[in-house]
Amino acid sequence: MTDPRFYTTTPQYSSKILIRGTEDYERCRRNNPSAHTLPRYPREIHVAETPADVANALERATELGVCVGVRSSGHIMHVPSLIQDGILIDAVNLNRRIEYDPITQEIAFGPASRVEELAAKLKEVNRFFPHGHAPTVGSAGFMLAGGQGWFVRGWGATNQTWITKIEMVVPDGRTVIASRSENPDLFWAARGSGQGFFAVVTRFWGRTIARSVMWERVLKFDINRENYMDIMTWSIERGRDTPKYGTDLNLTIDYPEKYDPRYTTDAIPPSGKLHLTLNLLCYCDTQREARTLLGAYDKLTPQVQDFLIESKPVQRRDLEEVFARKRGFLGNGKQEKWQINSIMNDPDVPLQRLLEAIKPCMLELPTRTSSVFMCHCDIVPDEEDACLSLPQDLYISTITGWTDPKLEPAIQQPMRDNYRRAFPVAVGMYITEFDINHEDANTKVLTDTALAKFLTIRQKWDPNSLFPTYKAFVKTHEKINQLQKRGKL
């Protein structure tokens, strides 16, 4: 069998049901953005195209007495969808179309519709909807996790304020609609439970608004252990001084050699120096408005000015340019392997304490291709409305990247340890980074009250635990609560 590793967003398979031992099965199993696909082998893979196909897969799992995993694009790097001897439902072809209704001004799309596909349709109809930032991310994983979409700071998480209804197949095989007025318990549970959700989403509907213009300003600095506190403090405080509505503020730290094609190994160059880049975007009609929205960053302090490498003024930007940059940031075309660790800071923790706690996460990048990504989210949850329940002030993450299998598994542990030590300054972690394979990497993904409500709803709809990932959430919450009770967190 040839090496089946080649990631594509539009795979073609010989059948809707793939059996272990065939080339198409293995090619499908490994069709994940990270080449680090774990040795877990579902009994069958069902490449569903319709809700009826999903219902058949659920019936088959019930018949076999096994559990179900669901994948829309595979961007959850820990591949919880791969359940040993279970059923994998691959949603890559499930309702893979995007429709816009000019009367309701709503957009409807399938669970594996990619960010770049949504962007193209919205451009065609001259509308805006806050999809994700990375071009190949599938819709279901993004929406179920909450949706840190474009300009989330002022407009809220995408599933909070933009999604109006969801079609899904529940464990007993029925296709139902969930909204605030129809099956509201399902609608509540779907929005924020991520990989723990207990049904298969087959379609989303979301409202849109009139399209405007995207603008970007870029600042780049040298960063090291000595100037870290000054530059990070300045960067975050300027973000907090920036209006929330219509702004999208992102911080990355990486080695410039990450993007240099002359470098091909995982090793950090001996002369490598970390750069911190601020990609500051806004959405408004004119450049003058954009300069005003991003004006807080004009105030460079002497401590920061000395380390400024590059400053690009506000200029018009289109999504295709942003997508091209994202492909370089987190590539998935060859043998790249990725691990993402994250926390969301506790808003009550002082900034200086937070920065000291996350310093190793920010500066101890293990390879040339590893990166830090941080963004201002400013998501205020409404637990009455959705399962999404942890406040998201700053999303803080480190992406460990490597290609050499000889580095495994040691390459993965240092950053897990760094983030575990940062748990005391965190309110929790983003649910897509919850690692079912390594409990030490995990902290809470919901509030305790939201988890309790979710479990009650889940028991009603999935009494036989056809979808098992929620169990890992429960284990982690119990662990964190015990540590907090003993004063060890």
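Analyst: We'll go through a few strands, some helices and the cores. This is a predicted model, where local features need pLDDT of at least 70, side-chain atom pairs count only at pLDDT 80 or more, and totals for chains, interfaces and linings use all residues. Residues are numbered from 1 along each chain as its sequence is written, and side-chain values use heavy atoms, with hydrogens and water left out.

User: OK. Where does Glu216 lie?

Analyst: Glu216 lies in strand S12, residues 213-222. Helices (H or I, at least four residues) and strands (E, at least two) are DSSP runs, numbered from the N terminus.

User: Does Glu216 count as buried or exposed, and why?

Analyst: Glu216 counts as buried because its relative accessibility is 0%. Buried means under 20% relative accessible area, exposed over 50%, and partly exposed in between (1.4 Å probe, protein chains only).

User: Which side chains make a polar contact with the side chain of Glu216?

Analyst: The side chain of Arg317 does, at 2.6 Å. The side chain of Arg325 does too, at 2.9 Å. A polar contact is a pair of N or O atoms within 3.5 Å; within protein, one must be able to donate a hydrogen and the other to accept it, and residues adjacent in sequence count only if both atoms are side-chain atoms.

User: What else does Glu216 touch?

Analyst: Leaving out residues up to four places away in sequence, Glu216 touches several residues, including Asn279, Leu281, Pro313 and Gln315. Contact means heavy atoms within 4.5 Å.

User: New topic. How many residues are in the largest nonpolar core?

Analyst: The largest nonpolar core has 86 residues. Ile89, Phe109, Met168, Leu186, Phe197 and Phe198 touch the most other members. Another core lies apart from it, with 48 residues, among them Trp215, Trp234, Met374 and Ile396. A nonpolar core is a set of buried Ala, Val, Leu, Ile, Met, Phe, Trp, Tyr and Cys residues joined through side-chain atoms within 4.5 Å.

User: And what does Phe198 touch?

Analyst: Among the residues Phe198 touches are Pro171, Leu186, Phe454 and Trp461, not counting residues up to four places away in sequence.

User: Let's do a helix. What is the reach of H15?

Analyst: Helix H15 covers residues 470-485, which is 16 residues. From its first C-alpha to its last, H15 reaches 23 Å, close to the 22 Å expected at 1.5 Å a residue. The expected span is 1.5 Å times one less than the number of residues.

User: Which residues of H15 are buried?

Analyst: Tyr470, Phe473, Thr476, His477 and Ile480 are buried in H15. Seen down the axis of H15, they fall within an arc of 115 degrees, so they line one face of the helix. The arc is that of the directions from the helix axis to the C-beta atoms.

User: What do they pack against, and what's on the other side?

Analyst: The buried residues of H15 pack against helix H14 (448-461). On the other side of H15, Lys475, Glu478 and Lys485 are exposed. Just after H15, Gly487 takes a positive phi of about 70 degrees.

User: Which strands pair with S10?

Analyst: Strand S6 (residues 106-109) is joined to S10 by four bridges, running antiparallel. Here Glu106 stands opposite Arg207. Strand S8 (residues 163-169) also pairs with S10 in the antiparallel sense, over six bridges. There, Glu167 has Arg203 as its bridge partner. Two strands pair if DSSP finds at least two bridges between them.

User: What about S4? Which way do its residues point?

Analyst: Strand S4 covers residues 87-90. Ile87 and Ile89 point one way, Leu88 and Asp90 the other, and all are buried. In a regular strand the side chains alternate between the two faces of the sheet.

User: Who are the partners of S4?

Analyst: Strand S2 (residues 44-47) pairs with S4 in the parallel sense over four bridges. Strand S3 (residues 68-71) pairs with S4 in the parallel sense over four bridges as well. Ile87 in S4 stands opposite Glu44, and Val68 stands opposite Ile87 too.

User: Last one. Where does His46 lie, and what does it touch?

Analyst: His46 lies in strand S2. His46 counts as buried because its relative accessibility is 7%. Among the residues that His46 touches are Lys16, Ala57, Arg60 and Leu88, not counting residues up to four places away in sequence.
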